[in-house]
Amino acid sequence: MCGIIGYIGKKNSIPIIIEGLKNLEYRGYDSSGIAYLKDNKVSIVKEEGKISKLESILPKGISNIAIGHTRWATHGAPNKINAHPHKVGKITLVHNGIIENYQELKKFLMEKGYTFKSDTDTEIVAGIIDYYYALDEDIHVTLSHLKDIVKGSYALAILVDGIDKIYAVKYKSPLIIGITKDGYMLASDIPAILSETNKYIILEDNDICEISDTLNIFNNYKKIKREELEYLDSYDSALKNGYAHYMLKEINEEPFLVDRLVGLLDKEKTINLKKYSNIEIVACGSAYHAGLVGKYLIEKYLNIKTDVYIASEYRYSKMFYNKKTLFISVSQSGETADTIASLNLAKEHGIHTLGIVNTVKSTIARLSDEVLYINAGIECAVATTKAYSLQCLMFAILVNKCLKKKYNLNNISKHMESLLTFDYKKIANKLYKKEDIFFIGRQIDYALTMEASLKIKEISYIHSECYAAGELKHGTISLIEKDTPVISIITDNNILDKTISNLKEVKARGAYVLIVSSINLDKYDDLYDDVIYIDKINDLVEPILAILPLQLLAYNVALLRGCDIDKPRNLAKSVTVE
Ligand code: F6R
């Protein structure tokens, strides 16, 4: 989603803003822009496409105050006119979020004589602030009642003509303030500030910031202080560190992170799932898939009925719950709009809530009654890998704790090393020119293949679908013909024969079959074309092993197709709009 950055201080703001924008690239964007203050004049430069294009047209020179933006189009096409910043009257701003009532506000402003250049909701907010600022004559007053006029979500960084300050206001979209040695920054996310500082403050809804050589935060006209936090991993940990792509780096971090999470939670008191009669897991995308893995583990080992919902559906569904229901939201960013809305709904019904989250103090972390951090560090590739694996691991850890640590989760990394070095290119070569790939699995393996299928389609743009293995013959098998790739995961011995039968059905129709398995398949060697073995350990650990080869396979397929792996088209890292 859109990324915001701002700097005010003793240094030249332009290179800081450009560096910050580059570090926000992973969120996904289609255009970028910057507004800087020089000789009491605001100048705006914006461009469609890559940040390097914007950089190449920026004038040389020094400015100590600037705001910048990467836009991911929601209202209006991805082009230069719609790119931020937008200036209306005395107000120049960048925006992350969505203004729901912008049509109504636009009509109001047009009746007052305003005209607009872009198709964006953002330009309308600039107009609204300008209009009321002219009446209020006090920007603080105007920003304080913005929440009564504008409906939706917004994080705004604002320059006001004639004032050498940056103003910021946020509602339901994340915004942090970075505290540097010689000034302040503001940003949508931590990587944007790390070149200058690791100290930051997380703003809360309806906070209003006035930043000059001092930082003042107000909420409801009261001056307040927010806790100063420190990002403890290194700046390098948020960079590519020599890897060709963030995605590859993040997959390679998995062994270390998996062992670290097991160690971190070893002595920690965590939630006792056995206290609950039923569990509802709510999430989106890959986090939803991790929730499905959680369901299989919780139901199998703890015998607690567990339902998993896609957050955008859950928030509009009829709710069934009782006092012993536990609501778990799973989210890497902790800022996904639909997951937050579902969590709020659960809270309204008085259901106990647990957040399984990566981003420290994110909205979901703060709203949940209890939070468990997966400690994945910053994940920059748009397609999640390490966060997904750690979300699955978190469920395994919680279940194992309820089983009084019956299973050994230590040193999982030693079972992952050989999977990192496997020759995936050979298999990727067989797949990268295909138009369709099918994934099949049963039970927990079905949940895992759903994630594997999503990974391949989102980064390589090959159409891919995932089916419960037994379901294929109810329609989809008509699509299987000679050399159609069918990929399966088999870790569950109890249903091995069943999945094997389904693979026979596709093999008989000429499919190319790849299996990832923890079970020796020598006696079925006429059934598959390729097999990748993972170690047989236990059900709690095997999901984390089984997904790793398919993450790397997806990476290699996308590489051969020349795709923009870290920033797949149309996708954003953190989906802060509905
Ligand atoms: C896919 C992917 C997305 C996210 C989904 C939820 O690779 O990354 O499907 O899993 O957008 O995001 P979070 O976990 O931030 O709530």
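**Figure 1. Surroundings of L273 in the predicted model.** Leaving out residues up to four places away in sequence, L273 touches I279, I298, L302, I304, L326, L398 and C402. The structure shown is a predicted model. L273 belongs to the largest nonpolar core, which has 124 residues. Together with L553, L273 is one of the residues with the most contacts inside that core.

**Figure 2. The whole chain, shown for orientation.** The chain contains 17 helices and 25 strands. Its radius of gyration is 25 Å, close to the 25 Å that the globule rule gives for 578 residues, so the chain is as compact as a globular protein of that length. Along the principal axes, the C-alpha atoms fill a box of roughly 80 × 50 × 45 Å. Of the 578 residues, 61% are buried. Among contacts between residues at least 6 apart in sequence, 70% join residues at least 24 apart. The accessible surface comes to about 23,100 Å², and carbon and sulfur atoms account for 49% of this area. Charged side chains number 72 positive and 74 negative, and the centres of the two sets lie 2 Å apart.

**Figure 3. S329 in strand 18.** Strand 18 spans residues 325–331 and contains S329. S329 has a relative accessibility of 0%, and therefore counts as buried, the cut-off being under 20%. Beyond residues up to four places away in sequence, S329 touches V282, T339, L343, L354, G355, I356, I364 and S368. A further pair for this view is S329 and E280, which are 49 residues apart in sequence, with a C-alpha to C-alpha separation of 8.4 Å.

**Figure 4. The peptide bond between H84 and P85.** H84 and P85 are joined by a cis peptide bond, with omega at about 0 degrees. P85 is placed in the loop that runs between strand 4 (65–71) and strand 5 (86–88).

**Figure 5. Two non-glycine residues with positive phi, N220 and Y461****.** N220 is not a glycine, yet its phi is positive, at about 55 degrees. The loop that holds N220 lies between strand 13 (215–219) and strand 14 (222–224). With a relative accessible area of 59%, N220 is exposed, because the cut-off for that class is over 50%. Y461, also not a glycine, has a positive phi of about 65 degrees. Y461 is found in the loop between helix 15 (444–460) and strand 22 (463–468). The relative accessible area of Y461 is 26%, so this residue is partly exposed.

**Figure 6. I444 in helix 15.** I444 lies in helix 15, the helix that spans residues 444–460. I444 has a relative accessibility of 11% and so counts as buried. Its contacts, apart from neighbours within four places in sequence, are V293, Y296, L297, T491 and P543.

Methods: Residues are numbered from 1 along each chain as its sequence is written. Side-chain values use heavy atoms; hydrogens and water are left out. Helices (H or I, at least four residues) and strands (E, at least two) are DSSP runs, numbered from the N terminus. The radius of gyration is taken over C-alpha atoms; the globule rule is 2.2 Å times the number of residues to the power 0.38. Buried means under 20% relative accessible area, exposed over 50%, partly exposed in between (1.4 Å probe, protein chains only). Contact means heavy atoms within 4.5 Å. Accessible areas come from the Shrake-Rupley method with a 1.4 Å probe; for residues, only the protein chains shown count as cover. Lys and Arg count as positive and Asp and Glu as negative; His and the chain ends are not counted. The place of a charge is taken as NZ of Lys, CZ of Arg, CG of Asp or CD of Glu. A nonpolar core is a set of buried Ala, Val, Leu, Ile, Met, Phe, Trp, Tyr and Cys residues joined through side-chain atoms within 4.5 Å.
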